[in-house]
Amino acid sequence: MIIRIAKIKVHANHRDEYIAILNEEAAASIKLEPGVICIYPMYQKENPNEIRLLEIYANKKAYQSHLETPHFKSYKEKTRSMIDTLELIDMKALDKETMPQIFNKIKD
């Protein structure tokens, strides 16, 4: 699996527009791409222009495929000027066996 946290700082005057585009892209990725396990957008309560994404892909091929999709390319193009900073942090799961249980609990 590929697990990543994206740290994004959005220009305040573009926040609402950015979030609408991001939510559309995340929903399309989950719906249309079997290798995208999770794209979960969040923002910091104390600083709502600080966006975080938890991204989980089945493997490197799924991630590379995601980067080539029309919805991802559209997201990048539409939001390029809205983003102040972007940092991608690659993560490693400590307990891979628990992850499926977490996602199953959400269904209940």
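Trainee: In which element is the place of Tyr-63?
Mentor: This is a predicted model, where local features need pLDDT of at least 70 and side-chain atom pairs count only at pLDDT 80 or more, while totals for chains, interfaces and linings use all residues. Residues are numbered from 1 along each chain as its sequence is written, and side-chain values use heavy atoms, with hydrogens and water left out. Helices (H or I, at least four residues) and strands (E, at least two) are DSSP runs, numbered from the N terminus. Tyr-63 has its place in helix 2.

Trainee: Is Tyr-63 buried or exposed?
Mentor: A residue is buried under 20% relative accessible area, exposed over 50% and partly exposed in between, with a 1.4 Å probe and protein chains only. The relative accessible area of Tyr-63 is 15%. Tyr-63 is therefore buried.

Trainee: Which residues does Tyr-63 touch, not counting residues up to four places away in sequence?
Mentor: Contact means heavy atoms within 4.5 Å. With those neighbours in sequence set aside, Tyr-63 touches Ile-2, Arg-4 and Tyr-57.

Trainee: Which residues of helix 2 are exposed on the face turned away from its buried side?
Mentor: The buried residues of helix 2 are Ala-62, Tyr-63 and His-66. They lie on the same side of helix 2 because they cover an arc of only 100° around the axis, the arc being that of the directions from the helix axis to the C-beta atoms. The face turned away from this buried side carries the exposed residues Lys-60 and Lys-61.

Trainee: Which exposed residues are on the other side of helix 3 from its buried residues?
Mentor: Helix 3 (residues 70-79) has His-71, Phe-72, Tyr-75 and Thr-79 as its buried residues. Their arc around the axis is only 100°, so they are on the same side of helix 3. They are covered by elements including strand 1 (2-10), helix 1 (15-32), helix 2 (60-67) and strand 4 (83-91). On the other side of helix 3, the exposed residues are Pro-70 and Glu-77.

Trainee: Which residues are closest to the centre of the largest pocket?
Mentor: On a 1 Å grid over the protein atoms alone, a pocket is an open set of points where a 1.4 Å probe fits, with protein on both sides within 12 Å along at least five of seven lines; lining residues have an atom within 4 Å of a point. The largest pocket holds about 200 Å³ of space, a volume being the space filled by probe spheres set on the points. Of its 17 lining residues, the closest to the centre are Leu-53, Glu-55, Phe-72, Tyr-75 and Leu-88.

Trainee: What is the relative accessible area of Asp-84?
Mentor: Asp-84 lies in strand 4. Its contacts, not counting residues up to four places away in sequence, are with Lys-9, Val-10 and His-11. Asp-84 is partly exposed, and its relative accessible area is 42%.
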